[in-house]
Amino acid sequence: MTNLRTDVSVPPPGTVGYPGRRHAASATGEKKEIKLFSGFAHVALAIWGLLVIAPLIWVILASFKSNTEIFTHAPFSLPSKLSFETYKTAWTEAHIGRYFMNSVFVVALSTAGTMIFGSMAAYVLARYKFIGNRAIYYLFVSGLAFPVFMAIVPLFLILQNLGLLNTYTGLILVYIAYSLPFTVFFMTAFFKTLPNHVAEAAIVDGASHTRLFFQVMLPMAKSGLVSITIFNVVGQWNQYLLPVAIMQGQGADQKWVLTQGIANISVSAGYQANWAALFAALTLSILPMIIVYAFFQRQIQSGLTAGATK
Amino acid sequence: MKHGRYPFIIGFLIVPVAIYGTFVVAAYLQAFQLSFTNWRGFSPDVQYIGFDNFTKLFHDNTFWKAIQHHALLLVFMPLVTIGLALFFAFLLNVGGGSRGGRTTGVWGSKFYRVVFFFPQLLALALVAVIFARVYSPDESGLINGLLHQFGSGPVLFLADKNLALWSIMAVLIWQAVGFYVVLFSAGMGSIPTEIYEAAALDGATRGTLFFKVTLPLLWNTLQVAWVYLGIAAFDAFALVNVMSVDRGGPDGATTVLGLEIFRNMQDYAQFGYASAMGVVLFFLTLTFAALTLRVTRRETVEL
C-alpha cells in the first residue's frame, strides 16, 4: 500500500548543513518568492475546496427551507425557521427510510459474499498448483476488461430465466459476480506475498487446508481484506445501473435501493415537485457518508485508490 | 498432506466460479451471440441475421451522436481532470517552499486532501440529482439563483443544446478531481526529497521541478489515470440518465451509448440491436485502453 504522507522523517546525511552557495546568496529573495507562491497555492486550493463544499452546503440549507423560500430567497440564505417537516415527508412519503434500509441489507450481504467467495478463490489460485489454475485466474481477471453495459441485456434475460428478476437474491448474486474480478485480482496478488513458513508450520502441526485458510491465512491478510472490503462497500452502495436494470416490474419500488429511489424522485418530480423534500432526502443520504468518512477517511482513501496503485 | 487437496481446491472454487460463470461469463458470451440476431424476446426460436445489426448501427444517427459525445468526453474530461489534479497535488506536496533545505507541502494540506476526496464517496446517481438542482433553469437552482442575485438572466445549462454536454462533463470532473489528487499525491510522496533538493540546489525553479522532476517520475501513475478516466468517459450513463432533458436530450445532445443500450432494451425490447451496441462499446473501450498504453509507453525512470 502506498503511504499517503509526503514527509520523509530524517534528511539523509550530507544534505543538512550543506546549503549551496547560490542558495545562501538569494535567501531573502527566495523567502519572498516562497511566501508568494504559498499564498497563491492557498488561494487556488481554497477555491477548489469551496467548489466542492458549496453544493453540499446548499443542499443541506435548502432541505430546511419551504418550497417558496427555495425559489425566492438567495441560494445561501439561512432558512427562516428550523423545521424538520421536509425530513418527515422525505422519510414517509418519499420512502427514503425504506430505500436506505434496502441498500444496507443488499450491500451487507453482497459485500460479505464477495469477500468470502472472492478470497476463497483468490487463495486457492494464489497458493495451490493444479491444472487449469491459470485459466481460471485469467477468466476472472478478464472480467475487468469488459464494460457492464455490454452484459446488461443478456444479464436481464438470464435473471428472467432463473426467476431472479426483481428479487434481492438476484441483485445480491449479480453484485457478487461483478465484484469478483477485481477482488480476485487484488487478493491473489496479496495472498502471494504472504510468507510460506507460517503456512508450513501450521501444516506440520496438522492443520487441514480449510483450517489453515480460515485460522492462519485470512488473519494474516487482514490489511488487504480491509482495503478491498471498503472498495466493494463503496462500489456496491453507489451502484446504479445494475439495480435499475434488475429491480423492475410489479412492486419493484418497494425493493429499490437508495440510488434508484433518489434518482426516481428527481426524475419523476416534474414541475409540481416538492424540492424541499428532495433536498431533505439528499441530505439524509449524504450525511451518513460524511460521518463514516470523518472517522475512516484514511482507510477509505487508501481502499479506493488501491486499484490504481497496485 | 497431499490427501484431500483436490476436494479442497474444488470446494473453494466451485461457488465463486459458478456465480461468476452464470452472471458474468455467460452474459458476455451471450452478448456476442445476441448481437447477430434480431431477437425481441417474444419468439422462442432465435433468428440469426449476420451483421445486419452492425450495418443498421452504422446508419443510425443517434449512435453517431453518442460516439461523438464519447469522443468529446474522452479528450476533455481526462485532460481537465488530470491537469487540475496534478496542479493541486503539486501545490499540496511542494507548495510550502523548502524548510531546512527540504520542500514541504502547504500548511493544511491534509485538510484539503480530505475535502477534495469526499465527492468520490458519493454515488454518481446522487451527484447527478444534486447537480440537476444546481443547474436548475429557474431561481431555485444554485447557479441561476446566484446569477439572479446579480441581476443576470438565467442560463439554461441542461436545456441548451450547446451547453448540456459540457455541463454534464463539468460534474464528472467535479467528482473525479479529488481522487486523482490523492493518487498523484501518493505518487509524489514516494519521490525521494533528495531529488528535489538536488534540483533546487542547482537553481531549478518550481516550474522546472514540476516538468523535469515530478512529471517524468509520475508517468506510470498518469498512464493509469488516463486509462481510468477514459473508461469513465465511455460510461456517463448515470449522469445523463438522471440529469439530461428527456433522457439524452435536448434533441439527443447528451446521449451516450450506455443510455442507448438501455433504451433499446427497456423501451423497444430490441435485444439484438442493444447487444450489438454493447459489442461495439466493448471494442471501443478495448481499443482505447490498448492505444493509450501503447502510445504513452516510454522508458520508466527507475529510482
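Trainee: What should I know about the model and its numbering before reading any values?

Mentor: This is a predicted model, in which local features need pLDDT of at least 70 and side-chain atom pairs count only at pLDDT 80 or more, while totals for chains, interfaces and linings use all residues. Residues are numbered from 1 along each chain as its sequence is written, and chains are lettered from A, with ligands numbered from 1, in the order in which they are written.

Trainee: How do you know which parts of chain A to read with caution, going by pLDDT?

Mentor: pLDDT is the predictor's confidence in each residue, from 0 to 100, and its mean over chain A is 82, with 86% of the residues at 70 or more. Residues 1-25 of chain A, however, stay under 50, and among the elements of chain A the lowest mean, 44, belongs to helix α1 (residues 21-25), whereas the highest, 93, belongs to helix α5 (residues 96-127). Where pLDDT is low, the predicted coordinates should not be read in detail.

Trainee: Why is A:Tyr137 called partly exposed?

Mentor: A residue is buried if 20 or more other C-beta atoms, placed from the backbone, lie within 10 Å of its own, exposed if 12 or fewer, and partly exposed in between. A:Tyr137 has 18 such neighbours inside 10 Å, and therefore counts as partly exposed. A:Tyr137 lies in helix α6 (residues 133-142) of chain A, where a helix is a DSSP run of H or I with at least four residues, numbered from the N terminus.

Trainee: What makes A:Leu125 and A:Thr188 contacts of A:Tyr137?

Mentor: Two residues are in contact if their C-beta atoms, placed from the backbone, lie within 7 Å, and A:Tyr137 meets this with A:Leu125 and A:Thr188 once neighbours within four places in sequence are left aside.

Trainee: How do you know that the length of helix α7 (residues 148-162) of chain A agrees with expectation?

Mentor: The expected span is 1.5 Å times one less than the number of residues, so the 15 residues of this helix should span 21 Å, and the end C-alpha atoms, 20 Å apart, agree with that.

Trainee: What makes up the side of chain A that touches chain B?

Mentor: The contact takes 88 residues from chain A and 91 residues from chain B. Helix α2 (residues 27-63) gives the most to the side of chain A, with 14 residues. By class, that side has 65 nonpolar, 21 polar and two charged residues, where Ala, Val, Leu, Ile, Met, Phe, Trp, Tyr, Cys and Pro count as nonpolar, Asp, Glu, Lys and Arg as charged, and the others, Gly among them, as polar.

Terms used. Helix = DSSP H or I, 4+ residues; strand = E, 2+ residues; numbered from the N terminus.
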